[in-house]
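Dear colleague,

I am handing over the structure below, together with its sequence. Please look through it alongside the notes that come after it.

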Amino acid sequence: MTDAQPIDGPKPNPAPRATVRIDTGEKPGMMGELQRRGALAQYNHFFTGRAGLWSMLRFELTTSPLQGLPGALGYALRGKLYRGLLGRGGRGLKWGLGVALRHPGKMALGDGTAIDDQVLLCARGCPEQAEPAFSIGGGSLIGRFTVIQAKRGTLHIGARAQIGTHCQIQSANGIAIGDHFITGPQCYLGGSRHGIALEAEGQPGVAAPPILDQPTWTRGALIVGDDVWLGAGVRVMEGVRIGRGAVVGSGAVVTRDVPDFAIVAGVPASIVGYRGAGQDVQPDPPDPALARPPAPAPAKTKTNTEHPTP
């Protein structure tokens with residue numbers, strides 16, 4: 001771990017947009033060679049990202065006793081010691097209970113970032129490089145039960161991001177998210193597309209392998225500009241560009257690029273307006289029937305049915 005300036009500046013650009021095939025051999029996992037190298041190599045491949053017994057012991061001695069330690073003591077010790085596992089750790093980091101780290105040496109977290117309970121941060125698929133390939137800018141909050149995972153390529157989130165609970169951000173070919181990014185709960189960004197062929201490639205009449213074993217495809221990096229707001233339950237597919245200042249309505253599925261300051265909603269998401277004069281979110285007008293008390297019922301008049309008026 002080395003001290004450096006907070007990660008608040010421009011994020012490195014991920015790979016340009018292009019359809020990329022990811023063969024099964026490129027997918028992270030316990031391949032045959034790794035299995036032959038033994039249990040320690042497998043453990044380090046999945047968890048520490050570093051070779052050797054000392055890497056495993058250092059990781060275990062830091063995380064095992066502290067991950068579930070409750071109260072102020074656990075909070076203070078995680079803040080002090082987890083920083084040493086990172087490639088670059090800012091000051092004042094805050095760690096909740098049950099946070100899981102995978103390949104933390106590839107990560108950079110900016111000053112004052114808070115990681116809530118039961119979050120998974122995984123940089124296993126990030127490349128080894130001088131500058132950390134997985135970063136979260138300073139002053140950010142990652143909500144509980146959220147998963148941020150780089151299966152392939154880089155993953156960068158800007159400063160002062162507010163990511164809701166139960167979200168998943170998954171890089172298959174690079175993700176770059178700007179500053180002041182905010183989401184509601186249960187959002188999903190990234191991923192890839194599985195092959196679904198019925199016949200083996202180049203072998204007519206031969207059954208294709210199960211979908212799990214077929215190549216996956218991605219349309220390229222997912223890029224989100226500064227000051228973007230995603231409502232609850234939004235899905236953003238890989239290869240999409242969301243422009244600066246855009247707003248995505250709850251439950252939308254974003255499959256195409258979104259211009260700067262656009263407001264989109266629906267499945268698939270489409271433009272319903274733009275931010276600007278007269279476009280701020282306003283409360284719904286009250287229902288007239290509910291805004292005022294019901295009028296009193298007219299008084300009933302007694303009629304004489306025995307001697308009606310002629």
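This is a predicted model: local features need pLDDT of at least 70, side-chain atom pairs count only at pLDDT 80 or more; totals for chains, interfaces and linings use all residues.

What follows is a short account of what was found in the model.

Residues are numbered from 1 along each chain as its sequence is written, and side-chain values rest on heavy atoms, with hydrogens and water left out.

I begin with the strands. Helices (H or I, at least four residues) and strands (E, at least two) are DSSP runs numbered from the N terminus, and two strands are said to pair if DSSP finds at least two bridges between them. Seven strands form an open sheet with parallel pairing, in the order β2-β5-β8-β11-β14-β19-β22. Because β2 (88-89) and β22 (241-242) stand at the edges with a single partner strand each, one side of each is left without a neighbour in the sheet. Within this sheet, β11 (residues 155-157) and β14 (residues 175-177) pair in the parallel sense over three bridges, and H156 has A176 in β14 as its bridge partner.

Another set of pairings involves β25 (residues 262-265), which pairs in the parallel sense with β23 (residues 247-248) over two bridges, V247 standing opposite I263. β25 also pairs with β26 (residues 270-274), here in the antiparallel sense over four bridges, with A262 opposite Y274. β25 and β26 form a hairpin with four residues between them, and G266 in the turn has a positive phi of about 100°.

Turning to the helices, the axes of α2 (residues 39-48) and α3 (residues 53-66) come within 10 Å and cross at roughly 50°; axes are lines fitted to C-alpha atoms, for helices over the stretch in contact, and angles run from 0 to 180 degrees between N-to-C directions. In the contact (heavy atoms within 4.5 Å), L40, Y43, N44, F47 and T48 of α2 meet L53, S55, M56, F59 and E60 of α3.

Finally, the structure holds six salt bridges, each defined as a side-chain nitrogen of Lys or Arg within 4 Å of a carboxyl oxygen of Asp or Glu. One of these joins the side chains of R50 and E128 at 3.3 Å, N to O. R50 lies in the loop between α2 and α3 and E128 in the loop between β7 (120-122) and β8 (134-136), so the pair ties together parts that are 78 residues apart in sequence.
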